[in-house]
Amino acid sequence: MTSTAIKNRAEEKYMPIYLDSIRVDSVIDFDLYLSIDKQLVLYRAGNLPFTERTRQKLLENNVDRLFVGFDSRKKYQKYIEKNLDKILTDPSIQETKKAGILYETSAGLVKEVLSNPTYGENIQRSKEMVTNTVNFILKGQDAFHNLLKITSFDYYTYTHSVNVCTFAIALAQQIGFNDEEFLNNLGVGSLLHDIGKSKISDRIINKRTALTPIEFEIMKKHPKWGVDILQESEELSEEIYYPVLQHHERGDRRGYPVGLSLDELHIFSKIVAVVDSFDAMTTERVYQKAMESYPALKIMFSLKGAYDEEVMRAFVDLMGPAGLTDL
Ligand SMILES: [Fe+2]
Ligand SMILES: [Fe+2]
């Protein structure tokens, strides 16, 4: 076996985390590793306290990243979700790093939700995640742009869900919706809008070629299946279901599952339809190169009546590129 193969194998077993995501004096129930000369060594066993001194020592040695074993990733995920509000409001942590931690934590959660969608606790965790995201974006334009910079350009259902949630909250604010309950409900609906895809086989989800008519019929069921999954949890407010059910509806009645017109769509659905299409076009797929923002928006404007005009205009303002005025 070559040394690169050994190294890759070691990296597969551990995931890098930010030192800033570990809170001083908090309860940590997983082991922390350090990378020394490209070898990962145990630094702190899970039952030992992580003190301010520990942290200072690492900082003195310019350590910014630690590692957690993949077998502890669910414990780490829960730990960081629990401490996320403290991390995001800590003035000593750089804003760009906060955006990175928020994005990674949100993506990790959605990954878990998609693999276990009816597990009740996952919905509650999603709500808390959205509250953190809303509070972060409400801090202003810079916070949104920091998130925008780190959005994944490779398409996975879980990163796509985080992108759609981020865009939807920022877009709603751009339109003028500032009510926190409105933004939180929209956020939960957009984070979970594709949860119904968890019922579809990976063979169809990851297919490299065009779907057959039968496969497309199955794919078209994911909005309804998403609502079915969420209704099992019982604790959601009614309007959260709309973007899940209607995000593939288009104002020209060419969408699915029903073929509704624009005025039959809930405002959440109008917003999510725009950001969902935009993210699908501007991320890299196995069968399609990622488009730049400008051509993607131009195509969306050319589909007359498909998207809500006011929502589209606000989206262009939000993305802020120069030279879009002739659209
Ligand atoms: Fe979808
Ligand atoms: Fe989607």
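Let's start at iron ion (ligand 2). Its protein donors are H160 (NE2), H193 (NE2), D194 (OD) and D276 (OD), at 2.2 to 2.3 Å. Keep in mind that this is a predicted model.

What is the arrangement of the four donor atoms around the iron ion (ligand 2)? Irregular, because the angles they subtend run from 76 to 172°. In sequence, the donor residues follow the spacing H-x32-H-D-x81-D.

Now the bridge. D194 links the iron ion (ligand 2) to the iron ion (ligand 1). The two ions lie 3.5 Å apart.

That brings us to iron ion (ligand 1). Which residues are its protein donors? D194 (OD), H222 (NE2), H247 (NE2) and H248 (NE2), lying 2.2 Å from the ion. The spacing in sequence reads D-x27-H-x24-H-H. The four donor atoms around ligand 1 subtend angles of 86 to 176°, so this arrangement is irregular.

The peptide bond from Y256 to P257 is cis, with omega near 5°.

Next, the domains. The chain divides into domain 1 (1-70) and domain 2 (94-319). Their centres, taken over C-alpha atoms, are separated by 33 Å. How many residues of each domain are in contact with the other? Five from domain 1 and four from domain 2. Between them the two domains bury about 400 Å², with 56% of that on carbon and sulfur atoms. Three salt bridges are found across the interface.

One salt bridge to look at is D64 with K97. Their side chains meet at 2.8 Å, N to O.

On to K98. This lysine belongs to helix 4, residues 95-115. K98 counts as buried because its relative accessibility is 3%. What is K98 in contact with, leaving aside neighbours within four places in sequence? I87, L88, T89, D90, I93, F136 and K139.

Last topic: backbone angles. Two residues deserve a check on your screens.

First, D25. Its phi is positive, about 65°, although D25 is not a glycine. D25 is in the loop between strand 1 (14-18) and strand 2 (32-36). With 60% relative accessibility, D25 counts as exposed.

Then K38. Its phi is near 65°, again positive in a residue other than glycine. K38 lies in the loop between strand 2 and strand 3 (39-44). K38 counts as exposed, because its relative accessibility is 67%.

To close, back to the metals. D194 bridges the two iron ions, 3.5 Å apart.

How values were computed:
Residues are numbered from 1 along each chain as its sequence is written. Chains are lettered from A and ligands numbered from 1 in the order in which they are written. This is a predicted model: local features need pLDDT of at least 70, side-chain atom pairs count only at pLDDT 80 or more; totals for chains, interfaces and linings use all residues. Side-chain values use heavy atoms; hydrogens and water are left out. Donors are N, O and S atoms within 2.8 Å of the metal (3.2 Å for Na, K and Ca); water is not among the atoms, so sites may look incomplete. Four donors count as tetrahedral if all angles lie between 85 and 135 degrees; four count as square planar and six as octahedral if opposite donors are over 155 degrees apart and all others between 65 and 115; anything else is irregular. Helices (H or I, at least four residues) and strands (E, at least two) are DSSP runs, numbered from the N terminus. Buried means under 20% relative accessible area, exposed over 50%, partly exposed in between (1.4 Å probe, protein chains only). Contact means heavy atoms within 4.5 Å. Domain bounds come from an automatic or database domain assignment. Buried area is the accessible area (1.4 Å probe) that two parts lose on being put together, summed over both. A salt bridge is a side-chain nitrogen of Lys or Arg within 4 Å of a carboxyl oxygen of Asp or Glu.
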